[in-house]
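Please open the structure in your viewer and follow along. We will go stop by stop, with something to select at each one.

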Amino acid sequence: MKTGKKLGVGLIAAALAMSAIGCANNGGNGGNTASPESNATNTPADTKTEKVKITYSMWGSAAEGSTTQAVADKFNASQDRIEVEVQAIPWENYMTKLNTLATAGQLPDTGMLQEGGVIQWSSEGMLNDVSAMYEGSDSKPLDSLAYKHQGNTVAYAAANEILLLYYNKDMFDKANVPYPPAALDQAWTWDEFVATSKKLTIDKNGKHPDEDGFDSQSIVQYGASIENLSWQLEAWTLSNGGGFYSEDGTEVRIGEDASVEAIQRVADLYLKDHVAPLSVGQTDDGIQRTIIAGTVAMATNGQWNIGTSLNTAKEEGLKYGVAVLPYLKDKVTLNTGGANVVFSQSKHPEEAMEWLKWYTSEENNWALISSGIWMPTLDKWYTDETFTRKWVENPNFPPYEEYKSAVVDYAQSDAARPAAWFYTNYTTDFNTLLGSVLGDVWTGKTTAKEAISKNLDALKAAHAGNK
Amino acid sequence: METVNKLPKRRSRFHSSEARVAYICLIPAFFGLVFLTYLPLLGVLGISLTNWTGLKPPEFIGIENYIKLFTTDPYIKDSIITTIYFAVLSVIGSMIYSLFIAMMLNRKIPARSFFRAVFYIPYVLPAVAIYVGWSWLYEGNFGFFNYLLSEIGLNKILFIADSSFVVPSLSLISVWLAGNLIVIFLAGLQNVPNVYHEAAEMDGANSWQRFLHITLPCMTPIIFYNLLMSLIANLQVVTPALALTNGGPGNSTRFLTYLMYDQAFVNYKLGYACATTLIIFAILAGFTLVLFKTSNRWIYNEGGEDK
């Protein structure tokens, strides 16, 4: 009976959205003619009394909203031209709400946007070009953090994130196996990774996968787990010389042998090597299920896990380390980070950019950065050791040398490539379909080759936006 | 003649204060129905003929969404099959289970009200908590069920991670959740006249015969009601897919309502999602119609054949 209501909720939501178009359009028009901003532009009045008002939207609770508003108030007090108002919208409804506002012509001037939505919004003409934002600045965001549509920079990531290999130090010590390398030039090949994983995989009789009498049905500790959420799998296809898309995002390359083989390698960790637990990509809690649950010795996932879950586990006694990812042919990790955009409906794009530039300077997001959830975006934090130390030398992080090498240096190396949503559209559609296509690959009911070639046309259609 | 006839009629409709009160009381419900049910339904029909994404004003595209759904959509076919599969399994399972439990609870067993509460509890627990709990039981690597299996020397079953086990596994949860059906069955059982049982007992009918020829026929109206409610609820299944499986593995739990949710609120293809919604609506209407049309044949009516 409970589920029954969902349909009703859907219908109502659709209807409300419908009616929103009607009322909102009127409201929008009315607001425009009467707004103080347009008066201000018409009459060259004294700017000290007529500050330009801009709205910044962010996802988060009302409490997080007031924290950000407090930061914005500092900005408001620091100059006399711009007044920023923060609008906090819960994460679950964020994009839905923005969609409704967009239809109504009532978008904020600037705000955060989820990764998968940036190129889509840009292709629908909803975003401003922000390439001029850092002109003449001494520090710019890392190159891999610019969202590009048709050659234009349409957004910068609000934060940086990269994929890492986490490991449980106690398990390595107990097995007397050296830790995974934190330095990129010592990164493990896939075979070294699998061999080490075997040493760390134990069945209930204490046997390893390459020993006689090993029972894959009664494994008590797994060696490794590669996160197989669709978007993260792209790293492995790239590493094997394939990829999801061509570099400009126009072609789909998932059907190439190199891409298919990489995905099969990941599946084989469970199916053939018996070093990984089964994961069918149904939930996004990889680190909790593996490293924190204490069932797996090594697991890949994003840097944010340090702040979102590993810190708490560390306080409870978990000894974890960070390392660079192993590689197939090329060393690859993915960069990502939700975007800060300037909406094209804004009448004050210049002011919006000025605010964003001020706000995204790391000092203003220090809580998120120092807790290990966000990584800075400006290059000085990666290249200037004083800044790096200020960022990393704090008890929330693994030891400085380890983190510096496995995260800070890794993130600015050639291995760090932007995730697909930085340059191509419809990644959400594509990733959803790919996840569904691969469902039976992880359990071994079909092979990656079979599953992908059977659905290649549908995947291409999803990428083209007309599934 | 005419005036004589008209007057009392009109009075009974509009002038009696009882009727007036009734109409006034109906106004809120009427507005609720019109604005929250019928107009949105029309709205859905309207949106389904557009390419609305929420960003730009919608453009009218005729039945293109429907053509896409039935030709190139990679999910809809699997989605229809898996939804019906789930609904049929869950409905059959929960009908048998809840009728059985209701009959047990209708007997004079010790601590009867305690047990009645026990079987109702799952129905009132928060849905997400239930599914998280079951996910620990079902977990493929270290879950409780697999622990039990390995203790007795059997191979692991992947339950919700295996595309052929996931729907039966979720159906089992849905059966376990059927506390509301038990309560309704219990009420129905208490209305089965005892005299029939006594008479049959005198004639030497055993308990199975009494169940088959007395309890079951007397219960058919209740069974019909429960069947209908349970079928509608299960055809609209979405919570387990949202809470446990994300529609996977593969498309094996991409239920229609989940698909619609995905289209509307993940991919922002609102027009397309509305078209899917109407397909769900059509399927529900179809099943309900078949149930109603066939109900005359098997519902036992104490007053004879006419309804």
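## Chain B: two domains

Start by selecting the two domains of chain B: the centres of domain 1 of chain B and domain 2 of chain B, taken over C-alpha atoms, are 37 Å apart. Domain 1 covers residues 2-47, and domain 2 covers residues 72-298. Keep in mind that this is a predicted model. Its scores are ipTM 0.74 and pTM 0.81. Colour chain B by pLDDT. The mean is 86, and 93% of the residues of chain B reach 70 or more.

## Inside chain B: helix 8

Now select residues 166-176 of chain B, which form helix 8. Is helix 8 of chain B enclosed or open? Eight of its eleven residues are buried, so helix 8 of chain B is largely enclosed by the rest of the structure. Show the side chains of the buried residues: B:Val166, B:Val167, B:Ser169, B:Leu170, B:Ser171, B:Ile173, B:Ser174 and B:Val175.

## Where chain B touches chain A

Next, bring both chains into view. How many residues does each chain give to the contact? Chain B gives 53 residues and chain A gives 45. On the side of chain B, the elements that give two or more residues are helix 2 (17-47), helix 11, helix 12, helix 13 (256-265) and helix 14 (270-298). Select helix 2 of chain B: its seven residues are the largest share of the side that touches chain A. Colour this side of chain B by residue type. You will find 26 nonpolar, 21 polar and six charged residues.

Move to chain A and select strand 1, residues 52-59. Strand 1 of chain A is mostly covered, with six of its eight residues buried. Find A:Ile54, and look opposite to A:Val84 in strand 2 of chain A. Now trace the chain from strand 1 of chain A, through helix 3 (residues 62-78), to strand 2. This β-α-β crossover is right-handed.

Last stop: select strand 3 of chain A, residues 110-113. Strand 3 of chain A runs parallel to strand 1, and two bridges join them. Find A:Ser57, which stands opposite A:Gly111 in strand 3 of chain A.

Definitions and conventions:
Residues are numbered from 1 along each chain as its sequence is written. Chains are lettered from A and ligands numbered from 1 in the order in which they are written. This is a predicted model: local features need pLDDT of at least 70, side-chain atom pairs count only at pLDDT 80 or more; totals for chains, interfaces and linings use all residues. pLDDT is the predictor's confidence in each residue, from 0 to 100. A residue is buried if 20 or more other C-beta atoms lie within 10 Å of its own, exposed if 12 or fewer, and partly exposed in between; C-beta atoms are placed from the backbone. Helices (H or I, at least four residues) and strands (E, at least two) are DSSP runs, numbered from the N terminus. Two strands pair if DSSP finds at least two bridges between them. A crossover is right-handed if, with the strands pointing away from the viewer, the path from the first strand over the helix to the second runs clockwise. Domain bounds come from an automatic or database domain assignment. Two residues are in contact if their C-beta atoms, placed from the backbone, lie within 7 Å. Ala, Val, Leu, Ile, Met, Phe, Trp, Tyr, Cys and Pro count as nonpolar, Asp, Glu, Lys and Arg as charged, and the others, Gly among them, as polar.
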